[in-house]
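I am opening my notebook on this structure and will set down what I look up, entry by entry.

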Amino acid sequence: MLETRNLSKSFGAINVTRDVSLKLERGERRVILGPNGAGKTTLFNQLVGEIRPDKGRVVLAGEDVTALPVQGRAKLGLSRSYQKNTLFDGLTVEENLGLAASVTHGHWHNIRYDSLTRRDVRDTVREVAEQVRVMPYLHAQVSDVSYGVRRQLEVGVALATRPLVLLMDEPTSGVGPEMSAGFHDLLNDLPRDLTLLIIEHDMDLAFAVADTITVLNYGEVVFDGSPEDARDSKLLKDIYLGAWEDA
Amino acid sequence: MFRHTSLRFWTLGLIAALAIWRALTAEYFGVETVTEIAILAILVIALDMVAGFGGMVSLCHGALMGAGAYAYAMLTVKAGLAPPMAFAGAVAVTGAASWLIGAVCGRSHGIYFIMATLAFGQMAYSLVFEQPIFGGDDGISGVPRIDLTIIGLDLNDGRTFAFVSLAVLGAVYWFATHVLQAGLGRSLTGIMHNEQRMRALGVNVWRIKADMFGLSGMIAAAAGALAAQHVMFVSPGLLNWTVSGEALVVVILGGLGTIIGPVIGAIVFVLLKHEVSAHTDYWHLVVGLILIAVVMSRANGIFGWLEQRLSRLARPVPARDVIANQVRKDLAAKGSLEDA
């Protein structure tokens with residue numbers, strides 16, 4: 001479903017990603033681990049087209065999308081949520097989801113009717129609001145809801161585009177343990193045919209949802225395998241999991 | 001995002017009633033003032049569409065209005081086209097030019113967008129001023145008004161012209177609010193709030209900006225074609241950047257991003273101009289002081305101040321919250337509202 005071939009990016013003398021090759025099957029849930037500065041978010045930015053790689057290819061559903069801009073890849077079914085909330089703060093929760101759903105259903109450019117009143121948009125908003133548990137807040141301004149709800153909405157806006165592949169950059173960033181557990185249920189309830197690529201620092205969540213774990217260190221893939229193998233990997237413990245294991 | 005509110009409906013009704021009353025009962029000067037306000041209001045609605053809902057603060061809308069006026073004058077006086085055709089032609093040509101300006105400038109932001117639009121405006125001003133075909137400093141005179149005698153309207157009558165200008169203003173208000181609530185307008189608002197996210201959702205950002213700028217330019221051109229008919233004369237001064245600056249002042253004075261606010265701004269601005277200039281040449285000074293007071297009040301212009309004080313009337317009318325209402329109805333039908 002999503003493949004990278006030797007994806008590389010440097011900023012000056014610093015190699016942020018080095019020959020990263022990944023292959024995600026349809027419906028696979030892969031978590032990317034790695035210490036701060038390992039190149040995880042830069043990898044995401046290259047996948048969605050926000051940063052152009054120096055070398056390598058990105059293939060989505062069999063199509064080479066390396067030359068496509070962000071919106072072109074989004075139209076083909078690649079969606080993302082951000083580590084820092086990237087919402088439409090001046091709008092309500094329903095309008096946030098409605099904007100994304102309007103794009104999905106091709107109403108984003110019409111001048112004849114209110115896109116938010118269309119049946120298909122309404123259905124998508126309702127479905128996604130239930131998926132990400134924001135239904136009680138539909139009327140609320142985004143700036144008025146709690147941080148946790150905004151994190152859920154962040155994922156909801158990405159989901160409302162009905163993606164084939166959803167990239168989530170630290171969905172539980174900044175939320176407490178209780179909310180983090182809620183995210184576990186949320187992720188498990190997502191359709192099984194949706195391919196997920198998640199950057200996550202919450203190890204419990206990462207090991208609970210992942211089919212596969214990839215570890216980046218200094219921009220390189222240093223581990224690629226099952227969660228069980230990851231738990232047993234000495235290399236992983238050395239570079240990343242020591243603190244987690246001790247705890 | 002544009003929302004109809006009770007306050008907006010009431011304000012619109014009050015303005016319409018007052019305008020009709022003035023157009024019916026006023027003497028010559030009062031009727032001319034109504035026409036002047038209507039034309040300025042059309043221009044500032046056009047500007048508010050892009051500045052208030054897309055963050056595209058344009059300093060070329062005066063030039064777009066001037067382009068519409070010149071296009072109408074050229075097509076009627078020089079090309080001999082029938083005025084209705086010339087009106088449509090002026091709107092179409094200026095709309096196309098505006099689309100191009102939006103497509104180019106839409107790739108920049110903030111101060112760079114402002115400067116880019118100013119550059120386009122000044123290029124248009126220079127072209128009209130320097131090229132003999134446009135009449136240079138003398139402009140073009142003898143611009144005819146549209147003949148509507150077939151439906152019993154004589155536009156050479158100032159009162160009738162005022163009513164037609166008000167009708168055009170009403171149509172423009174409806175069109176602007178309609179477009180802003182349609183997919184294009186909502187996408188533009190999304191871009192203003194978070195351009196990066198809209199792109200990530202799959203929206204072609206520059207296309208949205210260019211299309212809305214094109215529509216806005218068409219409305220500005222309609223204001224220009226009306227202005228040309230009103231005074232039956234066009235001159236390069238119409239395209240001067242100060243016209244764009246004044247339009248921006250009017251939008252901020254009335255309330256950016258409200259559509260009805262700029263109409264109020266146009267009324268206040270024109271009335272101040274006529275009333276204060278009767279006593280002093282420094283009427284701009286008075287407008288400036290009022291503008292500073294409005295900006296310092298932290299309200300969004302005069303209409304924003306009204307909204308703050310009449311907050312109950314400023315809530316969106318219930319019909320607007322379509323999705324949430326529908327969702328609640330559907331859930332209630334399923335008996336699962338409590339679960340939600």
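How many salt bridges does the rule find across the interface of chain B and chain A? I found three across that interface, a salt bridge being a side-chain nitrogen of Lys or Arg within 4 Å of a carboxyl oxygen of Asp or Glu.

Before going on, I note that this is a predicted model, in which local features need pLDDT of at least 70 and side-chain atom pairs count only at pLDDT 80 or more, while totals for chains, interfaces and linings use all residues. Residues are numbered from 1 along each chain as its sequence is written, chains are lettered from A and ligands numbered from 1 in the order in which they are written, and side-chain values use heavy atoms, with hydrogens and water left out.

Next I looked up the salt bridges over all chains, and by this rule the count comes to 23. A:Glu95 lies in helix H3 (residues 93–104) of chain A and B:Arg3 in the segment before helix H1 (6–25) of chain B, so this pair joins two chains; helices here are DSSP runs (H or I) of at least four residues, numbered from the N terminus. The closest N and O atoms of the salt bridge between A:Glu95 and B:Arg3 are 2.7 Å apart.

I then turned to the extent of the interface, where 39 residues of chain B are in contact with 45 residues of chain A, contact meaning heavy atoms within 4.5 Å. The two chains bury about 3,700 Å² between them, 61% of it on carbon and sulfur atoms; buried area is the accessible area (1.4 Å probe) that two parts lose on being put together, summed over both.

My last entry concerns a nonpolar surface patch of about 780 Å², made by B:Ile252, B:Tyr282, B:Leu285, B:Leu289, B:Ile292, B:Val295 and B:Met296. Such a patch joins nonpolar side chains within 5 Å, from residues with over 30% relative accessible area and no salt bridge, with areas from the Shrake-Rupley method. Helix H12 (residues 283–296) of chain B gives the most to the patch, with five residues, and B:Leu285 has its place in that helix.

Note on methods
Patch = residues over 30% accessible without salt bridge, like charges linked within 9 Å, V, L, I, M, F, W, Y side chains within 5 Å. Areas by Shrake-Rupley, 256 points an atom, 1.4 Å probe, with all protein chains shown as cover.
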